[in-house]
Amino acid sequence: MKNDSVKKFSIISTVCFIILAASAIYGIINYIDILHYNILHYNDYYSVFIVSIVNNVIQLVIWTAFAILLALQKKNNGLVIVSGANVLFAIYYIIIRSLSLVNILSFLCSAAILTIILFTCIPVMQEKGKIVSKLWFIPGALAAVTYLIQWIQGGSSVYIIVYIIIDIIEVVAYLMLGLWLVRSDEHYTGVQSVAVNECVTSEPQSINARETASFTVGDADRLKKCKELLDSGAITQEEFEAKKKEILGLQGDDIKENENVVVKETMQ
C-alpha cells in the first residue's frame, strides 16, 4: 500500500508537468503570432519576442523531460541533469531580465529541487540526505511565494485566471515531486535495511549443530538474499563470505565441496 501511495505522487507530478509543457507550447504559438503581427505592422522589437519564444522552448524541454522521467518512476542521473538544466535556466533568466526578488526566488526554487534530487538519487549522498529529505516542501513553497508576489505586483489585468491556474499547477508539480523523491527513498531504504538485518544480523547457530543438519530450502533462500544484497552493494564480499559460512555451517574444504550444489539451489 505504501508503494502504491508513493507512485501516486509521481503520477500527479507527471500530469502537472504535462499540463505545464502544454502551456509552454501555447506560449510559443502565441509569441510567434505576436512576432508575425509585429513584423507586418511595426517592424520593430523583434528581439523581445524572439527571446520569449526561446524561453518557452527551453521551458518546454525541461518540463517534458521531468514528465517523462517521472512517468518512468526511475530515480537516475536523468533527473539530476534535468534539474541542473532547470537551475541554469533560472540563472540565464536572471541575466537576461534582472536580479529581482521574483527571479531570485525562482532560482532558489530550482536549486532546492536539484539539492533534493542529488541527496535522494545519488547513492553516495543518500546517507547524508536525512535532513534534506525533511525539506521536500521547500521547492513548492518557494514557487508559491514567487507567484504570490507576481500576482500582487501584476494585478488582475496581467494575471488572468488561466495563468493563475497554471502557476498553481506548477506549485503542485514541485510539491508532488518532492514527496515522491523523499517517500520513494524512504521506502527503498526501509526495505533494504530489513533485508540487510535479516541477512547479516540473523541469530547465529552453532557449527556443531549445523554440521549434522541438511541444507534446507530456507537456507537456500537466505543465501540467495545475501547474494542479491552483495550484487546491489548493500553488503561487502567479506560479509557475504562470513554469512555463507554461517548458513552452510561448514568449514574449510567442506564449503568448497558443497558450494556448487548451494549455488544451483539458490539460482532456482
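Is Ile161 buried or exposed? This is a predicted model, so everything I say about it is computed from that prediction. Ile161 has a relative accessible area of 57%, and the cut-off for exposed is over 50%, so Ile161 counts as exposed. Ile161 lies in helix H8, which covers residues 161-200.

Together with Tyr26, Ile160, Val162, Tyr163 and Ile165, Ile161 forms a nonpolar patch on the surface. The accessible area of these residues together is about 600 Å². Helix H8 gives the most to this patch, with 4 residues.

Now the chain as a whole. There are 12 helices and 0 strands, so the pattern along the sequence is simply α repeated, as in α-α-α-α-α-α-α-α-α-α-α-α. The chain has 268 residues, and 38% of them count as buried. If we take contacts between residues at least 6 apart in sequence, 71% of them join residues at least 24 apart.

Next, a loop residue. Lys74 sits in the loop between helix H2, residues 46-72, and helix H3, residues 77-96. Lys74 counts as exposed, at 52% relative accessibility. Leaving out residues up to four places away in sequence, Lys74 touches Leu69, Leu79 and Trp180. Cys121 is 47 residues from Lys74 along the chain, and their C-alpha atoms are separated by 9.3 Å.

That leaves the rings. How many aromatic pairs does the structure hold? The number is 5. One of them is Phe17 with Phe66: the ring centres are 5.0 Å apart and the planes are at 20°, so this pair is stacked. Phe17 belongs to helix H1, residues 2-41, and Phe66 to helix H2, so the pair ties together parts 49 residues apart in sequence. Phe17 is buried, at 0% relative accessibility, and Phe66 is buried with a relative accessible area of 0%.

Another pair is Trp136 with Phe137, whose ring centres are 5.9 Å apart and whose planes are at 85°, so that pair is edge-to-face. Trp136 is partly exposed, at 25%, and Phe137 is partly exposed, at 35%.

Phe17 and Phe66 form one aromatic cluster with Tyr174.

Methods. Residues numbered from 1 in each chain as written. Predicted model: local features only at pLDDT ≥ 70, side-chain atom pairs only at ≥ 80, totals over all residues. Heavy atoms only, no water. Helix = DSSP H or I, 4+ residues; strand = E, 2+ residues; numbered from the N terminus. Buried < 20%, exposed > 50% of the residue type's maximum accessible area, 1.4 Å probe, protein only. Contact = heavy atoms within 4.5 Å. Patch = residues over 30% accessible without salt bridge, like charges linked within 9 Å, V, L, I, M, F, W, Y side chains within 5 Å. Areas by Shrake-Rupley, 256 points an atom, 1.4 Å probe, with all protein chains shown as cover. Salt bridge = Lys/Arg side-chain N within 4 Å of Asp/Glu carboxyl O. Phe/Tyr/Trp six-rings, centres within 6.5 Å; stacked < 30°, edge-to-face > 60°.
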